[in-house]
Amino acid sequence: MSNINIAEQLRLVKQHRDYQQLADAIPYARTIGIKVQSIGDELLFVLPRNPDNIGNPMLPAIHGGVIGGFMELAAALQLLIKTEPASMPKVVDFSLDYLRAGRDRETYAECQLWRQGSRIANVAITAWQTERSNPIATARAHFLVKPAE
Amino acid sequence: MGNNKETDKTAEESLWACRQFVGVLAHCNKLGMTVEAAGDGYAQLKLPYSEAIVGNPDTGVVHGGSLTTLLDTSCGCAVFSALPGYELCPTLDLRTDYMRAAQPHHDLICDARVIRASDNVVFVEGRVIQSGDGELVAKATASFMRIGVHLDKLIAQTVKAREASS
């Protein structure tokens, strides 16, 4: 799988609208188990329950780092799919606010691309479990994006 | 005390407590994360390089998300070692600057230090370097909330369960 580079992978994925294939090409995405769903032109990212993603065993709760990783991956995938860059976007900074504990249940994320400059993209990410209006975490990230030639 | 650290634990007790704490975090076990040092508001954790944390399959560079887990856990351990007893503090926010891509096949080391522990919030700084050349890969600023939850019981139960099984 790693023999196919990201640009080539992206071309194939676009052709078949199979965004899951793109996520599955990233080993860390397979580790936490991120799923990509497209609803019309919008993307919804899903993190199914996974015992290996647990942090606090008492609640139990998803490790805060996994929630952050899930949101950062969601942002990178959104950029890959929506902006068609020449290579993987590189995260420059990531600012994460935890609002409530992420329980051991399915988690969702959506991204908003606020600005796409010639080199830097600004993305806001919201993660929730029960209701979209009741987020468990919000984040903002900057990515370096190399535009396609 | 200058740093407002209130710990009543010795360095050995802090290291032991942090290892117990990280030992019960399933995701940290999955990534093979270990506590290398801890005490008096400081903690050092190691994240070994593995295929599981790779973010770019073309280059083998690790994903930022695994650094988020390393930084969050390390900063949490620093908080743990700064406070008396075994107090659990959830993360309020974590801001990370990624200075350079970590080179593939290098383990990552995170040093986390409590800057100030107030009655309600604990402020922490974390730095991730790559093993070998010691280059700075990422740095983070985090704050943790003191909600008054103590893990003393859980730690005692874990120890008892381990003793019973050995």
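Which residue is the bridge partner of Asp93(A) in strand 6 of chain B? The partner is Asp97(B).

## Model and confidence

This is a predicted model, in which local features need pLDDT of at least 70 and side-chain atom pairs count only at pLDDT 80 or more, while totals for chains, interfaces and linings use all residues. Residues are numbered from 1 along each chain as its sequence is written, and chains are lettered from A and ligands numbered from 1 in the order in which they are written.

The complex receives an ipTM of 0.90 and a pTM of 0.91 from the predictor. For chain B, the average pLDDT (the predictor's confidence in each residue, from 0 to 100) is 91, and 97% of the residues score at least 70.

## Contact between the chains

Chain A contributes 34 residues to the contact and chain B contributes 32; two residues are in contact if their C-beta atoms, placed from the backbone, lie within 7 Å. On the side of chain B that touches chain A, strand 6 of chain B supplies the largest share, 8 residues. That side comprises 13 nonpolar, 12 polar and 7 charged residues (Ala, Val, Leu, Ile, Met, Phe, Trp, Tyr, Cys and Pro count as nonpolar, Asp, Glu, Lys and Arg as charged, and the others, Gly among them, as polar).

Strand 3 of chain A (residues 90–98) runs antiparallel to strand 6 of chain B, and 5 bridges join them. Strands are DSSP runs of E of at least two residues, and helices are runs of H or I of at least four, numbered from the N terminus; two strands pair if DSSP finds at least two bridges between them.

## Helix 4 of chain A

Helix 4 of chain A is largely enclosed by the rest of the structure, because 17 of its 20 residues are buried (20 or more other C-beta atoms within 10 Å of the residue's own, placed from the backbone). Glu84(A), which follows helix 4 of chain A, has a positive phi, near 50°.

Methods
A residue is buried if 20 or more other C-beta atoms lie within 10 Å of its own, exposed if 12 or fewer, and partly exposed in between; C-beta atoms are placed from the backbone.
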